[in-house]
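Let's take a walk through this structure together, starting with its aromatic rings and then moving on to the strands around them. Keep the 3D view open as you read.

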Amino acid sequence: MNSLGKVYLVGGGPGDPELLTRKAYRLLSEADAVVYDRLVSPVIVDLVPEGCTRIFVGKASGQHTLQQDKINELLVTLAQSNRRVVRLKGGDPYIFGRGSEEALHLARHGIPFEIVPGITAAAGISAATGIPLTHRRLASGVKFVTGHCRDDEELDLDWKSLADPQTTIVIYMGLSKLETLSRELIAAGLSPRTPAVAVANGTLRDQRQCVSTLEDLPNAVTAVGLISPVLCLIGDVVSLAHELNWQGLFYETRDMLKVSA
């Protein structure tokens, strides 16, 4: 008899439990153990049934409940005890979620696993604010980048490649690096007047957002008092925010530039 369980690397989506996939919801209800991150919203954690083991392994800047290698080992140990394990991550497990590192560790230890995609923050939050990631006249492409660095290192991005006025830039985990991001993108040739938005707690009831320009976004975010987790969108598509804001959410505005669609 095979004594190995299985690990499901599951994307928990951007926060709203109604944006979970049906498969993710089913696996949560069937799990023996759920290992979850800081960015998984409490309302989704509450869906885990009583009797299921819940293990929090959240990481914030400079504060790790468990180091990544210990999380990898934990998943192997749980699976080796013949458990059905859900490794629950915010957004999608393969987009800035270190899911691939965990999958590699499982594969190299002979642990069965499955990847269950989730709605990444970029797609969920852009939809929640009504801002399209692409638009025929405003953006022909989109790039996802992380503003988080290991050990407080400086951001080392391809600024020239990012500073394309026909590209929407989505910045994950960039709150602490907003001044650097703004300065470097402008230095690389992107207009200081490029529309930009920062969104905190996207898709949840306490979602807040601040629309500004690339140049003024760091000051605007500070003035409004947005706190992590924050996702930023930079590009001309943000100029559509007020027209397409289907939820009627309040926008804090700092010198918003209108761009014709």
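Rings of Phe, Tyr and Trp, with the six-membered ring used for Trp, count as a pair if their centres lie within 6.5 Å. The model you are looking at is a predicted one, and a search of the whole of it finds three aromatic pairs. One of the pairs found is that of Tyr36 and Phe56: the ring centres are 5.4 Å apart and the planes meet at 50°, so this pair is tilted. The reason for that label is that planes under 30 degrees apart would count as stacked and planes over 60 as edge-to-face, with the rest called tilted.

Where do Tyr36 and Phe56 lie? Tyr36 lies in strand E2 and Phe56 in strand E3, so their pairing ties together parts that are 20 residues apart in sequence. Are the two residues buried or exposed? Tyr36 has a relative accessibility of 17% and counts as buried, because the cut-off for buried is under 20%. Phe56, at 37%, counts as partly exposed. Elsewhere, Phe96, Phe144 and Tyr172 form one aromatic cluster.

Now step back to the strands. Strands of a sheet pair through backbone hydrogen bonds, either parallel or antiparallel. In this model, five strands form an open sheet with parallel pairing, in the order E3-E2-E6-E1-E7. At its edges are E3, covering residues 53-56, and E7, covering 113-116, each of which pairs on one side only. From one strand to the next, the twist averages 20°.

For a look at one of these pairings, find strand E1, residues 6-11, which pairs with E7 in the parallel sense over four bridges. Val10 has Val116 in E7 as its bridge partner. Helix H1, made of residues 22-30, lies across E1, E2, E6 and E7.

Our last stop is Val40, in the loop between E2 and helix H2, where H2 spans 42-45. Arg136 sits 96 residues from Val40 along the chain, and the C-alpha atoms of the two are separated by 33 Å.

How values were computed:
Residues numbered from 1 in each chain as written. Predicted model: local features only at pLDDT ≥ 70, side-chain atom pairs only at ≥ 80, totals over all residues. Heavy atoms only, no water. Pairing = 2+ DSSP bridges. Helix = DSSP H or I, 4+ residues; strand = E, 2+ residues; numbered from the N terminus. Axes fitted to C-alpha atoms, helices over the stretch in contact; angles between N-to-C directions. Contact = heavy atoms within 4.5 Å. Buried < 20%, exposed > 50% of the residue type's maximum accessible area, 1.4 Å probe, protein only.
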